[in-house]
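Open the structure in your viewer and keep the selection tool handy.

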Amino acid sequence: MKITDEDCLAETLAFNDQFEAAAASGPTRGQAPDAALLALLRRNRLGGDTPPVRLPHGQDRVVAGGVRVRAFVPDRVDGVYLHIHGGGWAFGSADGQDERLWQLAVQARLAVVSVEYRLAPEHPFPAGPDDCEAAARWLVDHAEAEFGTRRLLIGGESAGAHLSVLTLLRLRDRYGITGAFRAANLLFGPYDLSMTPSQRSFGSRRLLSNTDSLRGSYELFTPGTGAEQRRDPELSPLFADLTGLPPARIVVGTEDPLLDDSLFLSERWQAAGAPVELGVVAGAMHGFTLFPLTVTEREQGRASEFLAAAGR
């Protein structure tokens, strides 16, 4: 395991401590969030306490099956990035990262299409994956006419990374579609909903995610299921056959309860025959890219470089 950004470790760990201290006086994110906390999380940007900024560059659209997406189209388009947001399958939105997605669109010369998938608990599994699948199939059929390119990429953060892998597997298994999406950009995703060792052992530390908050997210997303049932490959892609998937970039921090998920998925992805660029960020907690850190700036640059070059 190669660890990156060790020169930023002091800054990253200091931020973790500040975040944890501030979280101690806020609402507890353990087990399934109650209605009030869920409403608060949905109102504010991911990881923050203020609403997200909506840019005029974003275009809200409805595509196949009535799925809503938000598109960012720069002057030059060399590919299309299907972005799937995080938020524990229960919050987050396609307009929650406008500034970042527009920056990525311009820097990597990509049309970025972010999916407004249905959220749990109102819409538990399989609603969210169904919407992501529909958006992906729409791009396979219409990207060239809509954006002038057939070069498709996919990725997301946290739950969005999980949904990205499920989408690739569904395209392959349900429709025989492989190779349409030429690369996957997967940030700190949960790939084993029965809980990997790092998820189980992380404990109650008040960072953005911990053992209890993960368990609560799984209960919202897959109500009425136990750990053994959550090992189903349709829920936990770590247990799936990963052959035929594209090259991937997999990123996680050393202080993330989902560390094992990325390490294990990277090994299985490569064993199935596709190259993987694995990044393990020193001291970074779950969702670190949401915060103003040196490692965030670096990660954004690395992601942009990967997506600009992938699949050409």
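Angles under 35 degrees count as roughly parallel, over 145 as roughly antiparallel, 65 to 115 as roughly perpendicular and the rest as oblique. Keep in mind that this is a predicted model, where local features need pLDDT of at least 70 and side-chain atom pairs count only at pLDDT 80 or more, while totals for chains, interfaces and linings use all residues. Residues are numbered from 1 along each chain as its sequence is written, and side-chain values use heavy atoms, with hydrogens and water left out.

**Stop one: two helices.** Select helix α3 (residues 98-108) and helix α9 (residues 294-309); helices here are DSSP runs of H or I, at least four residues, and strands are runs of E, at least two. Their axes, lines fitted to C-alpha atoms over the stretch in contact, come within 9 Å and cross at roughly 45 degrees. α3 and α9 are therefore oblique to each other.

**Stop two: a pocket.** Stay with α3, which gives four residues to the lining of the second largest pocket, the largest share. A pocket is an open set of points on a 1 Å grid where a 1.4 Å probe fits, with protein on both sides within 12 Å along at least five of seven lines; lining residues have an atom within 4 Å of a point. About 270 Å³ of space lies in this pocket. Now select R45, G96, Q97, E99 and R100, the closest to its centre of the 14 lining residues.

Select strands β2 (residues 59-62) and β3 (residues 68-72), which run antiparallel and are joined by four bridges; pairing takes at least two bridges found by DSSP. Find V62, which faces R68 in β3. Between the strands lie five residues, and G65 in this hairpin takes a positive phi near 75 degrees.

Definitions and conventions
Points joined across faces, edges and corners; volume = space filled by probe spheres on them. Axes fitted to C-alpha atoms, helices over the stretch in contact; angles between N-to-C directions.
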